[in-house]
Amino acid sequence: MENDLEKVIRLCKELAVTLDTKYDKGGKLDDECDALVIATSKELMTLPLEVVLFALRNELNIESCVKYNLDEHEQ
């Protein structure tokens, strides 16, 4: 069974890859990406904050969060 850090890293990496490959170039998340952001955020909220911040910083980074408007996303 994976520990919290492994789980968070996997979730953030999957989100980053999906966003990088399927992001709508018009500046909006398509339905699939939006659903993944919502599902991932709900899962991340159940895990320790320190672990989540570490993985987000390493796997998604601030540039991606701004590029995909994740900082504006309600989840």
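User: Which residues of H1 meet H3, and what counts as a contact here?

Analyst: Contact means heavy atoms within 4.5 Å. On the H1 side, Asp 4, Leu 5, Val 8, Ile 9, Cys 12, Lys 13, Leu 15, Ala 16 and Leu 19 meet Val 51, Val 52, Phe 54, Ala 55, Leu 56, Glu 59 and Leu 60 of H3. By class, this contact has 13 nonpolar, no polar and three charged residues; Ala, Val, Leu, Ile, Met, Phe, Trp, Tyr, Cys and Pro count as nonpolar, Asp, Glu, Lys and Arg as charged, and the others, Gly among them, as polar.

One note on the source: this is a predicted model, where local features need pLDDT of at least 70, side-chain atom pairs count only at pLDDT 80 or more, and totals for chains, interfaces and linings use all residues. Residues are numbered from 1 along each chain as its sequence is written, and side-chain values use heavy atoms, with hydrogens and water left out.

User: How many helices and strands are there in the protein?

Analyst: Helices (H or I, at least four residues) and strands (E, at least two) are DSSP runs, numbered from the N terminus. The protein has three helices and zero strands, in the pattern α-α-α along the sequence.

User: At what angle do the axes of H1 and H2 cross?

Analyst: Axes are lines fitted to C-alpha atoms, for helices over the stretch in contact, and angles run from 0 to 180 degrees between N-to-C directions. The axes of H1 (residues 4–22) and H2 (residues 31–44) come within 10 Å and cross at roughly 165 degrees. H1 is therefore roughly antiparallel to H2, a label for angles over 145 degrees. By class, their contact has nine nonpolar, two polar and five charged residues.

User: And at what angle do H1 and H3 pack?

Analyst: H1 and H3 pack at about 35 degrees, with their axes 9 Å apart.

User: Which residues make up the largest nonpolar core?

Analyst: Nonpolar side chains tend to be buried together in soluble globular proteins. A nonpolar core is a set of buried Ala, Val, Leu, Ile, Met, Phe, Trp, Tyr and Cys residues joined through side-chain atoms within 4.5 Å, and buried means under 20% relative accessible area (1.4 Å probe, protein chains only). Here the largest one has nine residues: Leu 15, Ala 16, Leu 19, Cys 33, Val 37, Leu 60, Cys 65, Tyr 68 and Leu 70. H1, H2 and H3 (49–67) each supply at least two residues of this core, and H1 gives the most, with three. Apart from it lies another core of eight residues, including Val 8, Leu 11, Val 52 and Ala 55.

Methods. Parallel < 35°, antiparallel > 145°, perpendicular 65-115°, else oblique. Buried < 20%, exposed > 50% of the residue type's maximum accessible area, 1.4 Å probe, protein only.
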